[in-house]
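Subject: Structure handover

Hello,

Here is the structure for your files.

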Amino acid sequence: MMRITAPELEIAVLVLGMVILLVETFATKIDKRILAFAAIAGLAIVLLASFFVAPSPSPDQATGFWSFYTADRLSIFFKQFALVTTIFVLIMMADYAPVVRRSFPGAAPQSGLGEFLTLPIFTCLGLMYLVSAIDFVFIFVSLELVTISFYVLVSFTRRNPITLEAGTKYLVLSALSTAFLVYGIAWIFGVTGQTNLYRLTEALANPAINHNAALLGMGFVLVALGFKIAAVPFQIWVPDVYQGAPTPVTAYLSVGSKAAGFVVLLRVLQPFLVLPETQRLVVLIALLTLIYGNLAALPQANLKRLLAYSSIAHAGYLLIGVVCFDVRAVSFYLVAYLLMTLLSFAVLIIVAQQTGEEISDFDGLARRSPFLAFAMLIGMVSLAGVPFTAGFLGKFYIFYAAVLQRQVALVVVGVLTVGCGFYYYLKVVRAMYWQSTTNIAKIPVNGLSRLAISALILCTIWFGIYPQPILDALKR
Amino acid sequence: MVTLGDYLLVSGILFSIGFAGVMLRRNLIIILMSLELMLNAANLSLVAFSRFRVDSSGLPNYNAQVFVFFIITVAAAEVAVGLAILVALYRVRQTTDVKDIRQLRF
């Protein structure tokens, strides 16, 4: 059998993206949505191939290419994570195509659609490189590949002033976080003379280095990563950008960008754990994120904005896992988060095209489309953390890890805020099942979306009862 | 004799000026310029650290200098996209002032 190595996966994704871009340019007559289906098929093949990649052990003294690229279990797992996310996002984008078309009035009927469906492939490429990066230079470059393609995606429907406002805010604040990242890396390099994370670990263990300068550098890098994962106090961009961006892009931002951010955070924090201040700093950020995210979500009436605050709150739970440095708990939580968030956004995209994005627009959805209402119900109860859903087990593993490490404050605040979460998630369920509506028109769902939503529902419940496949994928 | 500390001081001042510009100025083009200033502050630090960290063979540690080229390239890409977004914004709103861009509020 032919051996596949990890870098070939990224090359395949890159070639796929370029081919689709060329087809888009020269085949002007075709329905552009075919491109999305071609991209989905291509990414599915890469996803399949990724299961045949043998993970290599983490190299401590690797040279050349392998000194900044690793193919360990964690990276392969999150490459698959990025591919799955992108496939679902492309399905949503095909659904969202009419909205994109409307935002280019006067132009040719399909203008803009091709780029909208191609850019996620390159974002996916960036995410796949990012989770493999073990050198600050490589982290920076792949992070920017992700960020710059998101600049374009967030402000894509550019005739809509709201979208453009979201795009501008994302541009300025994201560029600011990049500047902090680079400045932080400069200081870390200055103290240790290393950019490779493994050699950094050795350099930081040396007591002769200047710890304050190293902490300064780490603080700056933490600001940049906190921005990516939407941790308080670097979350100010999240509600506005999530609300203004095209909905599939919002889903992509909240899942893909955040997951990759957490992988990088785990990798970057590892060398710095020898400094006692690091953990205290992360505990503080986690507490603030939990409290802010959950409290600010309470009064929201717009579902996209509600999901934005919920995304901040979930970053808080994930940060508890980071504090305990339980890689498996964090990974499982991210998988659960992927399933339930994409589920909610998939339903939101379909319903919002018929009515709107406010929670009141979901009134009586159970009558209009029992399937979509049930999908949203599963998404919401999983986000809230009801037993027998993936969301519950995710929280369970995180809290279990925190209890083992005696992080009392985190567990107490975490459990209290979960209760808080029940209120705002179930508000949506209440609108769907108990509110009546005058509009009783059925909502059509096309075949591919129905399949995708069914798969997400099934996985959310399946991993809530039987989480072993995910845990094994990381342990084996 | 110019020492490493002098370079770091200048770099720190540049970074602070850039950060203040992003926070205080209201014109988006000036904000983008300030962001470039912050990136260049980091470049200056990197080159200074590289130049003053001479290893046993008598050569500076070139990792950081290579990194600077990556930063310059990425910053150029970032500005290209950023200016495109600003042009689109100006076409829709006839302004580049952040005061006028506040529809998204709850």
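Where α6(A) meets α2(B), the residues on the α6(A) side are A:Thr168, A:Val172, A:Ala175, A:Leu176, A:Ala179, A:Val182, A:Tyr183, A:Ala186, A:Phe189 and A:Gly190. Facing them in α2(B) are B:Leu28, B:Ile31, B:Leu35, B:Met38, B:Leu39, B:Ala41, B:Ala42, B:Ser45, B:Leu46 and B:Phe49. This contact is made up of 17 nonpolar and 3 polar residues, with no charged ones. Please keep in mind that the model is predicted.

As for geometry, α6(A) packs against α2(B), which spans residues 28–52 of chain B, at an angle of about 15°, and the two axes are 8 Å apart. An angle under 35 degrees counts as roughly parallel, so α6(A) is roughly parallel to α2(B). The crossing of α6(A) with α2(B) is left-handed.

In total, 34 residues of chain A are in contact with 34 residues of chain B. On the chain A side, α5 (136–154), α6 (161–192) and α9 (237–244) each contribute at least two residues. The largest share comes from α6(A), with 17 residues. By class, the chain A side holds 19 nonpolar, 9 polar and 6 charged residues.

One residue to look at is A:Tyr183. Apart from its neighbours within four places in sequence, A:Tyr183 is in contact with A:Phe220 in its own chain and with B:Phe15, B:Met38, B:Ala41, B:Ala42 and B:Ser45 in chain B. A:Tyr183 is also among the residues with the most contacts inside the largest nonpolar core, together with A:Tyr333, A:Leu343 and A:Ala346. That core has 214 residues, and its largest share, 20 residues, comes from α13(A).

Within chain A, α13 (residues 327–354) packs against α16 (residues 390–404) at an angle of about 160°, with the axes 8 Å apart. Angles over 145 degrees count as roughly antiparallel, and α13(A) and α16(A) are therefore roughly antiparallel to each other. Their crossing is left-handed. From α13(A) the contact uses A:Ala329, A:Phe332, A:Tyr333, A:Ala336, A:Tyr337, A:Leu339 and A:Met340. From α16(A) come A:Ala390, A:Gly391, A:Leu393, A:Gly394, A:Tyr397, A:Ile398 and A:Ala401. Sorted by class, the contact of α13(A) with α16(A) has 12 nonpolar residues, 2 polar and no charged ones.

Regards

How values were computed
Residues are numbered from 1 along each chain as its sequence is written. Chains are lettered from A and ligands numbered from 1 in the order in which they are written. This is a predicted model: local features need pLDDT of at least 70, side-chain atom pairs count only at pLDDT 80 or more; totals for chains, interfaces and linings use all residues. Axes are lines fitted to C-alpha atoms, for helices over the stretch in contact, and angles run from 0 to 180 degrees between N-to-C directions. Helices (H or I, at least four residues) and strands (E, at least two) are DSSP runs, numbered from the N terminus. Angles under 35 degrees count as roughly parallel, over 145 as roughly antiparallel, 65 to 115 as roughly perpendicular and the rest as oblique. A crossing is left-handed if the near helix is turned anticlockwise from the far one by less than a right angle, and right-handed if clockwise. Two residues are in contact if their C-beta atoms, placed from the backbone, lie within 7 Å. Ala, Val, Leu, Ile, Met, Phe, Trp, Tyr, Cys and Pro count as nonpolar, Asp, Glu, Lys and Arg as charged, and the others, Gly among them, as polar. A nonpolar core is a set of buried Ala, Val, Leu, Ile, Met, Phe, Trp, Tyr and Cys residues joined through C-beta atoms within 7 Å. A residue is buried if 20 or more other C-beta atoms lie within 10 Å of its own, exposed if 12 or fewer, and partly exposed in between; C-beta atoms are placed from the backbone.
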